[in-house]
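Dear colleague,

Please find below the structure that I am handing over to you, followed by a summary of the findings. I would be grateful if you would read the two side by side.

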Amino acid sequence: MKLHQAALPTRTSVVLATVLFLALVGLTAGAANGERLIARIVWAGMIAVMAGRVFVTGRISRWRSVFFIILAWAFIVQFKATLIGLTGSAFITPDIQEVPYCHIAIASSFLNHLYQQYLAFMSGAWRQWSPLTWGVVWLGVTLVLGQAWCSWACFYGGLDNGFALLRRKPLVKWVWLPKGVRDLPAAILIAMLLLSLVTLKPIFCLWVCPLKLGTGFLEPDQLTRKLQLLSFATIGIVFLVVLPWLTKKRAFCGLICPFGAWQAFVGRLNPYRVQIQPDRCTQCQRCIVVCPTFAIEREGLKQHRVLPYCNRCGECMDACPTDAIGYSLVGKPFASLPPKTARIAFLLSAWLIGGAVSMWFVPEVMVKLWRWVAG
Ligand code: SF4
Ligand code: SF4
């Protein structure tokens, strides 16, 4: 494969991959033993190899996608296996109605969390209030990764990414969005925040989230359940499967997910950006064509602008013929930094956070597979 301008020397790539491996093992292997420990070390090694390939080839897309898709499907398998372990069924039962806390709910029910926070502080119950803990974890991840969560650690993103890669070329060419449509996730986010607060219910989880197809329904009323089922199935089939498969665009992440809009807003706290270098850009528009989430618009490109919705996937960087687009640190054009500094810093952060998140469930699935194969 032809090397990209961003390729690093082999020795530097090996050193960076080794640092990543040691950091992942150090961060996550401590509490495990036996086959779990082995699985964690093996998975950390696989992440280091994938990251090493990105460093040494200078191309991000292939190995980020492989990692991201494994993360997503391992999450689904582990989630189901845990549910079966808890309830004896692959679906939520009347006895156990708790679903795992999900990052998308942080965005769509944020006002409710604030209200609960207020009630918890007033009643002295805040010590047992777990969403607060998740809020702190989310803030830490956002400070390090920002919007990159959506291309390096989110299970929905991994599913969307996987279906978008099923075809080599799009069956339906979809490059532009009508004006204003790119802000649909922001509109959905505002609607979810307000509806959740008014009803005191997590409206995204109850009416939009396709993952609920595989869990169960919290509403006892039969007609309401059927309508929920219809909504989950329609959104899942159209935006997670069919549109990505037909167009190679990540339609769920780009058009539906309120968490993407939320991260586009709060992710500004994060130091990494994607920037276009005017003196190198030839306006060839390849970045627009390959961007899976419509984060570069025609008018914006003329002013060398990338939308805040960009989730740092790196597809545009692989495709750009003049190396005009790349990671930068806030306030610093990447040309003003020592060569590739921002790129190396970002990629290490992304592999580290995405890798640490995947450590919760990929090694568990590896152990399950091993036990199944070994009988
Ligand atoms: S692919 Fe590169 S050169 Fe072409 S328009 Fe995008 S940033 Fe400019
Ligand atoms: S602008 Fe580039 S890095 Fe950002 S989402 Fe689009 S392809 Fe990915």
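Leaving aside residues up to four places away in sequence, Phe294 is in contact with Leu177, Arg182 and Gly254. Please note that this is a predicted model. One of these contacts, Gly254, stands 40 residues from Phe294 in sequence, while their C-alpha atoms are 6.7 Å apart in space. Phe294 itself belongs to the loop that runs between helix H14 (286–290) and helix H15 (298–302). Phe294 counts as buried because 22 other C-beta atoms lie within 10 Å, where the cut-off is 20 or more.

Two ligands were examined. Ligand 1 is surrounded by 14 residues, and Cys281, Cys284, Arg286, Cys287 and Cys320 are the closest. By class, that shell comprises nine nonpolar residues, four polar ones and one charged one. Around ligand 2 there are 13 residues, of which Cys291, Cys310, Cys313, Glu315 and Cys316 come nearest. The shell of ligand 2 consists of eight nonpolar, three polar and two charged residues.

With kind regards

Definitions and conventions:
Residues are numbered from 1 along each chain as its sequence is written. Chains are lettered from A and ligands numbered from 1 in the order in which they are written. This is a predicted model: local features need pLDDT of at least 70, side-chain atom pairs count only at pLDDT 80 or more; totals for chains, interfaces and linings use all residues. Helices (H or I, at least four residues) and strands (E, at least two) are DSSP runs, numbered from the N terminus. A residue is buried if 20 or more other C-beta atoms lie within 10 Å of its own, exposed if 12 or fewer, and partly exposed in between; C-beta atoms are placed from the backbone. Two residues are in contact if their C-beta atoms, placed from the backbone, lie within 7 Å. A residue is near a molecule or strand if its C-beta atom, placed from the backbone, lies within 6 Å of it. Ala, Val, Leu, Ile, Met, Phe, Trp, Tyr, Cys and Pro count as nonpolar, Asp, Glu, Lys and Arg as charged, and the others, Gly among them, as polar.
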